[in-house]
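Have the sequence and the 3D view open side by side as you read.

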Amino acid sequence: MQRALFAGQELIAIKEADETDRFGLRYLGFKATGFMTMAAAKQAAPEFAQRVLGRMLEMVS
């Protein structure tokens with residue numbers, strides 16, 4: 001598991017389940033799954049955080 005802050009909130013990159021070799025991202029209650037490596041999950045993290053924040057903005061607009 002690895003952690004980073006985006007917009008002051010924690011984003012977590014984590015191994016999905018013991019029986020798979022996939023990784024996922026968790027941020028503000030949103031999930032992205034199916035990354036083949038931790039490096040791929042970490043590379044996708046900034047865009048994922050932007051999409052989450054954009055989605056949240058749409059929810060209140």
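## A question to start with

Is Leu-53 buried, partly exposed or exposed? Keep in mind that this is a predicted model. Leu-53 sits in helix α1, and its relative accessible area is 36%. Because buried means under 20% and exposed means over 50%, Leu-53 counts as partly exposed.

Together with Leu-28, Met-56, Leu-57, Met-59 and Val-60, Leu-53 makes a nonpolar surface patch of about 560 Å².

## The overall layout

Stepping back, the protein has 1 helix and 4 strands. Along the sequence they come in the pattern β-β-β-β-α. The C-alpha atoms fill a box of roughly 40 × 20 × 15 Å along the principal axes.

Of the 61 residues in the protein, 25% are buried. If you look at contacts between residues at least 6 apart in sequence, 23% of them join residues at least 24 apart.

## Helix α1

Helix α1 covers residues 38-60, which is 23 residues. From its first C-alpha to its last it reaches 32 Å, close to the 33 Å expected at 1.5 Å a residue. Along the way there is a kink of about 45° at Ala-45, shortly before the proline Pro-46.

Which residues of α1 are buried? They are Met-38, Ala-41, Ala-45, Phe-48, Ala-49 and Val-52. An α-helix has 3.6 residues a turn, so residues three or four places apart point the same way. As for what covers the buried residues of α1, the cover includes β1 (2-6), β2 (9-15), β3 (23-27) and β4 (30-35).

## Two loop residues with positive phi

The loops between strands hold two residues worth a look. In the loop between β1 and β2 you will find Ala-7. Although Ala-7 is not a glycine, its phi is positive, at about 55°. Ala-7 counts as exposed, at 64% relative accessibility.

Leu-28 lies in the loop between β3 and β4. Its phi is near 50°, again a positive value in a residue other than glycine. Leu-28 is partly exposed, with a relative accessible area of 32%, and it belongs to the nonpolar patch that also includes Leu-53.

Technical notes:
Residues are numbered from 1 along each chain as its sequence is written. This is a predicted model: local features need pLDDT of at least 70, side-chain atom pairs count only at pLDDT 80 or more; totals for chains, interfaces and linings use all residues. Side-chain values use heavy atoms; hydrogens and water are left out. The expected span of a helix is 1.5 Å times one less than its number of residues. The bend at a residue is the angle between axes fitted to the seven residues ending there and the seven starting there. Buried means under 20% relative accessible area, exposed over 50%, partly exposed in between (1.4 Å probe, protein chains only). Contact means heavy atoms within 4.5 Å. Patches are made of residues with over 30% relative accessible area and no salt bridge: like charges are joined within 9 Å, nonpolar side chains (Val, Leu, Ile, Met, Phe, Trp, Tyr) within 5 Å. Accessible areas come from the Shrake-Rupley method with a 1.4 Å probe; for residues, only the protein chains shown count as cover. A salt bridge is a side-chain nitrogen of Lys or Arg within 4 Å of a carboxyl oxygen of Asp or Glu.
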